[in-house]
Amino acid sequence: MTSVLPLARPEIAALEPYSHARWEPSLERLHANENPWRAPGDATLGGLNRYPEPQPHELLERLARLYGVDPAQVLAGRGSDEGIDLLVRGFCRAGQDSVLICPPTFGMYKVAARIQGAGVVEVPLDPDRGFALDETRLWSAWHPGIKLVFLCTPNNPTGSSLDPAVIERVLRRLDGRSIVVVDEAYVEFTAVDSLAGRLGEFPNLAVLRTLSKAYALAGARCGAVLAAPEIIGLLRRMIPPYALSVATIEAVLAATTPEGLEEACRRVGLLLDERERLRGRLEALPGVRRVYPSNANFLLVGFHDAGRALDAGIRRHLLVRDVRGQAGLGDCLRITIGTPDQNDRLAAALEAA
Ligand SMILES: *Cc1c(COP(=O)(O)O)cnc(C)c1O
């Protein structure tokens, strides 16, 4: 196995992390300057007056089981957004290193890089090949200052998936040279296996997973980085000790019981049916130029007049995402699949326009 630690910022690899209050649930807590009484309205099990357990055991074990990995391969944070931020800060030296992204894609990669003072190298996806990765352009753009390569599959906002064989080639070729961050925020909506199952083969792989989409917990803020213990250990030095609130931890544990997972799975099926039903209605509209194939819980739709479609939705109190500002998506809106009633009302609004 090639070590990836030489890719990390040396000062982070050497960082002495904050020493948090000991976590000893069997002892009464007079060591953390907490308030001994609960706040009014506190309905949590553990009590919001208490600091949460840092990287909570039970949560890490639950996520590890959910994703089919070892707890030492899991970092739990405030959404995958925090994972993105930690990866960029852990690997990119300000003013020197860069990340590589493949637009049109999720906006946070670039923002996190800019905040860190890292460069952003863009290798656009190929719209003429279903937004496939352009490997020729990738290899001519890659240089040793690129510490992170972000690949989003299924991709936001296109809904397209990358060819797993291509991702594998990128991982192998960048072994020991760049961390390949595969953002699988929407993988639950596909039939494709998560790359999490292959962490043992790829020391330079980091998979991002989130509870925000398929598990209906966007408001709880919980996501995970799945990677070799070496990478997870580095990120754990950097994450604030009490990143996950007591309320978040309890919400995730409650939603990921066997019954909770069964319900999530049923709803994913319903959203996929609704997505194809909405696709059918939109494809029949003269104002729609194209409904792109999707492997996620949204549709990318090209309109002859996207502004008019956006306004038609808003007039019926339905907001969809304007993605016209993104490279190559000049006439597109991104429509999140809602309840059957919401999808009906959106289709009716667009039909009337
Ligand atoms: C929604 C989304 C996420 C999830 O972000 P959280 O911070 O976990 O809510 C991550 N990546 C992509 C591509 C997304 O669309």
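Visitor: In what order do the 4 strands of the open sheet come?
Guide: The order is β8-β9-β11-β10, with antiparallel pairing. Strands here are DSSP E runs of at least two residues and helices are H or I runs of at least four, numbered from the N terminus. Two strands pair if DSSP finds at least two bridges between them. Keep in mind that this is a predicted model, where local features need pLDDT of at least 70, side-chain atom pairs count only at pLDDT 80 or more, and totals for chains, interfaces and linings use all residues. Residues are numbered from 1 along each chain as its sequence is written, and side-chain values use heavy atoms, with hydrogens and water left out.

Visitor: Which are the edge strands?
Guide: Those are β8 (288-291) and β10 (321-322), and each pairs on one side only.

Visitor: And how many bridges are there between β8 and β9?
Guide: There are 3 bridges, and β9 covers residues 298-303. V288 has F303 as its bridge partner, while R290 stands opposite G302.

Visitor: What holds strands together anyway?
Guide: Strands of a sheet pair through backbone hydrogen bonds.

Visitor: OK, new topic. Which residues come nearest to the ligand?
Guide: S80, Y186, T210, S212 and K213, out of 14 residues around the ligand. "Near" means that a residue has a heavy atom within 4 Å of the molecule.

Visitor: Last one: is N49 buried or exposed?
Guide: N49 is buried, because its relative accessible area is 15%. The cut-offs are under 20% for buried, over 50% for exposed and partly exposed in between, using a 1.4 Å probe and protein chains only.

Visitor: Where does N49 lie?
Guide: N49 is in the loop between α1 (10-13) and α2 (57-67). The N49 side chain reaches the backbone oxygen of P36 at 3.5 Å.

Definitions and conventions. A polar contact is a pair of N or O atoms within 3.5 Å; within protein, one must be able to donate a hydrogen and the other to accept it, and residues adjacent in sequence count only if both atoms are side-chain atoms.
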